[in-house]
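Please open the model in your viewer and keep the selection tool at hand. The stops below follow one another, and each names what to select and what is to be found there.

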Amino acid sequence: MSDNGKPRYAPPTKDEFVALLLHYGLKQAEVSRILAHANTRRVRAWYGGQGAIHFTGLYTLAHKATGVAITPSGWREELGVREIMARAGFVAR
């Protein structure tokens, strides 16, 4: 929990973000179209580990791809990120 009592959001690492896009078959341009606030340059930056996607963007992508309504503190477990990373050949850190 954060100081204000709301669950903490830890954004995806570069590897997690890349693995999620690969797993759900989303190209960077598609992510940009889905997220009206994110141009392709911003999505490329996230893909390259420069900056991080906000929770609202991650929520929108996850919901469109899976129908799952994720939470700020539990999204990794709710989406099965550890399994997705393993299947994609990424080493969990």
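Predicted model: local features only at pLDDT ≥ 70, side-chain atom pairs only at ≥ 80, totals over all residues.

The structure holds three aromatic pairs, where rings of Phe, Tyr and Trp (its six-membered ring) pair if their centres lie within 6.5 Å, with planes under 30 degrees apart counted as stacked, over 60 as edge-to-face and the rest as tilted. Select Tyr9 and Phe55 to begin: their rings form an edge-to-face pair, 5.3 Å centre to centre with 70° between the planes. Because Tyr9 lies in the segment before α1 and Phe55 in helix α4 (residues 55–66), this pair ties together parts that are 46 residues apart in sequence; helices here are DSSP runs (H or I, at least four residues), numbered from the N terminus. Tyr9 is partly exposed at a relative accessible area of 24%, whereas Phe55 is buried at 19%, given that buried means under 20% relative accessible area, exposed over 50% and partly exposed in between (1.4 Å probe, protein chains only).

Residues are numbered from 1 along each chain as its sequence is written, and side-chain values use heavy atoms, with hydrogens and water left out.

Now select Phe17 and Trp46. Phe17, with a relative accessible area of 3%, is buried, and Trp46 also counts as buried, at 5% relative accessibility. Their rings form an edge-to-face aromatic pair, 5.9 Å centre to centre and with 80° between the planes. This pair links distant parts of the chain, with Phe17 in helix α1 and Trp46 in helix α3, 29 residues apart.

Next, widen the view to both helices. The axes of α1 (residues 14–24) and α3 (residues 40–47) come within 8 Å and cross at roughly 115°, the axes being lines fitted to C-alpha atoms over the stretch in contact, and the angles running from 0 to 180 degrees between N-to-C directions. Lys14, Phe17, Val18 and Leu21 of α1 make the contact with Val43, Trp46 and Tyr47 of α3, where contact means heavy atoms within 4.5 Å.

Leaving aside neighbours within four places in sequence, Ser32 is in contact with Ala38, Asn39, Thr40 and Val43.

How many salt bridges does a search of the whole structure find? The search finds one, a salt bridge being a side-chain nitrogen of Lys or Arg within 4 Å of a carboxyl oxygen of Asp or Glu. Select Arg76 and Glu16, whose side chains meet in a salt bridge at 2.8 Å, N to O. Arg76 in helix α5 (residues 75–79) and Glu16 in helix α1 are 60 residues apart, so placed that the pair links distant parts of the chain. Arg76 is partly exposed, at a relative accessible area of 25%, while Glu16 counts as buried, at 10%.

Finally, select His23, which lies in helix α1 and is partly exposed, with a relative accessible area of 38%. Apart from neighbours within four places in sequence, His23 is in contact with Ile84 and Arg87.

Key:
Helix = DSSP H or I, 4+ residues; strand = E, 2+ residues; numbered from the N terminus.
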